[in-house]
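Visitor: I'd like to learn how to read aromatic rings in a protein model. Can you walk me through it?

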Amino acid sequence: MKTPREDRFEAVIGLEVHAQLRTKSKIFCGCSTEFVSEENVHVCPVCAGLPGTLPVLNRKAVDFAMKMALAVHCQINETSIFARKNYFYPDLPKGYQISQYDKPLAEEGWVEIQTDHQSKKIRIQRVHMEEDAGKNVHGKRESYVNLNRAGIPLIEIVSYPDLATAEEASQYLKKLRSILRYTGVSDGNMEEGNLRCDVNVSLRQRADMKLGTRAEIKNINSFRFVEKAIDFEIQRQAEILEGGNQVIQETRLFDANRGETFSMRSKEEAHDYRYFPEPDLISLEIEKSWIEDLRSQLPELPDEKAKRFAAQYQLPQYDAALLVQEKELAEYYEEAASASHQPKLAGNWILTELLRVVSADQIETSPISSKHLGELIQLITSGVISGKIAKTVFEKMRISRQSPKIIVEKEGLRQVSDEGVVIKAVEKVLTERKGEVEKYRAGNEKLFGFFVGQIMKLTEGKANPALVNQILKKKLAEKK
Amino acid sequence: MSVYELSLSELSQKLSKKEISSRELTAIVLKRIQDTNAALNTFVMITEEEALADAKRVDEKRGRGELLSPLAGIPIALKDIFLTKGIKTTCCSKILSNFVPPYDATVVRRLKENDYVLVGKLNMDEFAMGSSNENSYYGAVKNPWDLERIPGGSSGGSAAAVSASQCIGSYGTDTGGSVRQPAALCSVVGLKPTYGRVSRYGIIAFASSLDQVGPFGKTVEDTALLLQAVAGCDPLDSTSANLPVPDYAKFFKNDAKGLTVGIAKEYFTEGMQKEVERSVRDAIDQIKKLGAKIIDVSLPHTPYAIPTYYIIATAEASSNLARYDGVKYGYRAKAETLLEMYRKTRGEGFGKEVKRRIMLGTFALSSGYYEAYYKKAGQVRTLIKNDFHDAFKKCDVIVTPASPSTAFKLGEKIEDPLQMYLSDIFTISANLAGIPGLVLPCGFDRKGLPIGLQLLAPHFKEESLFHLAHAYEKSTEWHLRKPAL
């Protein structure tokens, strides 16, 4: 059900995403990119912008950038050019950032996102390379500059304004992150700052073809905040337009504490970056063979993998999408599916039980190996333990890291499937609970569960539930 | 003749034969500097201790029988634009007046490998912006031929020092003529190599697509030796050419037979000093006598060279000089806010001409003007480059005047920047096209002021320049005249 406001206006959203590349060295010098807490350790004359220094392009950074561009279906430009983006700020040692403007590395790609069980294609305008700036640190009365980060390679991924809701934006961002991690191009961690996102939001009347005035929102550092910022901004702009006023084109910042955006600078105060081609670097020429070589190195990407999982393992699309979020999780799933011969069960166990114990992006730290999970499932399907007992075993596996077989034997958790034993237990309970038996036969069918519970208690939970049901039904129907 | 008046080539031989030690030579040269620097103001730093220590080291190496380069033990000086590790490098600007580099320029490293002896850093126009060496934070350089006149710029100190025998050879940089024009005005040989022939790493950048390191020598042969020592690809400079360096000595001949020389009519304009034109035309006749074929060529876009240069060079400079902001190194003004610090540091730290060019360049790149100025200038640059490409289909070398006039008086043009810019009218196109250019003495005017001849060749054809220049030099005596200091 749309609100009147939603009826009238539609949001037009575009995202500019920056990701740090996981190269060993910086983009234009040999300094290490490794995180270090001491300031100004990974610095050299080049990334410090000393007089007389010149940039030299790190080819590995180009490899990584191209991989991501290919993974999001972009066209790689055979020739691309670096450009200087000129502005003054203490964390920018040269007084300009080497980036790309005309002729970026790659253009015209797309990713698919899932919303409301529908697929939507989000088009990507461009992917280009640039260097990161250092970091300003503010003290009580002075500010300091840490250049460890200056010169770390970044890619910037700019979408067309194809996104319509905060949720879509979040899905798009998550998809990019997933692909960045799959290709090994970036850690894609917003909290650590190696994935950053600026959002452009504008509104227009539903019938309108023309775009409304947009606001750019910067400084958002989590997926949740991206959604919150967009939601707030949509409401803010709608209020302005409903009042008959104009939205101002400006840059705004997101205040995480208040969940609001506020103005940072207006169009008049906007920087004129005076872009021009970087004269210290020659144009980047990319041969087809280089592109094809990298393309062949791409792993199976999340969308392809999800489609394959759904088909190969007969998983619902929704489950498949969750299992492929992280490459390591997908690998874990396939190992467990193979070890258990039960792909559907394996999927369920991972999604409902395992992901409560370990998060999807840290599956390497799982206390339960995929092999052992597979074993556990096998024990269920072969009737050695019941599904309920399996949950207990799972918990014990988590703590002890032992195999389920060993735990079941050690703790005597084998399911009792001996008919004789079960019949004896059923008869014992029915004999002791004559009163309830009569009530049951008088019509109180709910008591069936009660009997089951008593039988389970008697057998320490180990009676095979299916067998119990079968025999109990028979016995209750018998004695008339 | 005093020892310090000998050429690099001659001194190299004497050192080799142990007729003189490097330490002796260096001491003589240092004394010469001491005796003359007050009058000329060529040196902004004299590295006396380091020079004598380096000289001693070379003598010891020679004593052990080690094979040494032609430059070994030779006292050489560098324009204060080359980063020398541990030795102050100021670019003759207040904003770098306290800057001690933590690394050597590639050229400096290569000179060290050649066992050169550094006697000091040379005065220049601030940030290489100027044609008279009057824009220096450390005061103007005087022309050794007339102390009331300018030596040319921006490598005025480098040219004057060689001319006055304060060092046996020197290096400068040439962005619009800053090696060739002072060479002409001081009667020495000056070379701007092909763009990309010599590494720019560690040279304080003025205009990245135009800057090149250039040697000054007393003779053509000396200049070739100085180029040989530093030329070649550098992995630290992405714009340096990955091409082999020829053995330039192989190309010296005593005649110009087999060479076709082009004369471009656009380089013989009104406004040139009559005596300059006379000397240049005489030189062309001499070259004909040496066996060269003389033809007419045309470089039709020549009139656009100066405006094209002053858009591209200032635009690149406005960006290259953004790093001088008081944050990391150099001069920092006292201020309460960030913006105030930027404004005061750069306002106080930069001289007038530098600020003028930064503003010009910023304007040429600014929103709304980029297409009309910077982009357009880039397109005209291509036309100028193509002019040379076409002309060189018909000739091997183009001969032109080097400067429209001989050395003018100190203070004469400093108040008129545009007039000053026109000093580079003959040299500037070579930078835009990236081709190499060499200037050598070809006469003197009535007042005894030097006149220079410029030779231009296609990309990476420095050997053609050396061939013709050496033959001309051998058949004349201009290079033997020394200033009376």
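**Reading the rings**

Guide: Let's start with B:Tyr310, which counts as buried because its relative accessibility is 6%; buried means under 20% relative accessible area, exposed over 50%, partly exposed in between (1.4 Å probe, protein chains only). This is a predicted model: local features need pLDDT of at least 70, side-chain atom pairs count only at pLDDT 80 or more, and totals for chains, interfaces and linings use all residues. Residues are numbered from 1 along each chain as its sequence is written, chains are lettered from A and ligands numbered from 1 in the order in which they are written, and side-chain values use heavy atoms, leaving out hydrogens and water.

Visitor: How many aromatic pairs does the structure hold over all chains?

Guide: A pair of aromatic rings is described by the distance of the centres and the angle of the planes. Rings of Phe, Tyr and Trp (its six-membered ring) pair if their centres lie within 6.5 Å; planes under 30 degrees apart are stacked, over 60 edge-to-face, and the rest tilted. Over all chains, there are 33 such pairs. A:Phe88 and B:Tyr342 make a tilted one, with 5.7 Å centre to centre and 55° between the planes.

Visitor: Is A:Phe88 buried or partly exposed?

Guide: A:Phe88 is partly exposed, at 33% relative accessibility, while B:Tyr342 is buried at 8%.

Visitor: And what pair does B:Tyr310 form with B:Tyr421?

Guide: A stacked one: 3.9 Å centre to centre, 20° between the planes. B:Tyr421 is buried too, with a relative accessible area of 7%.
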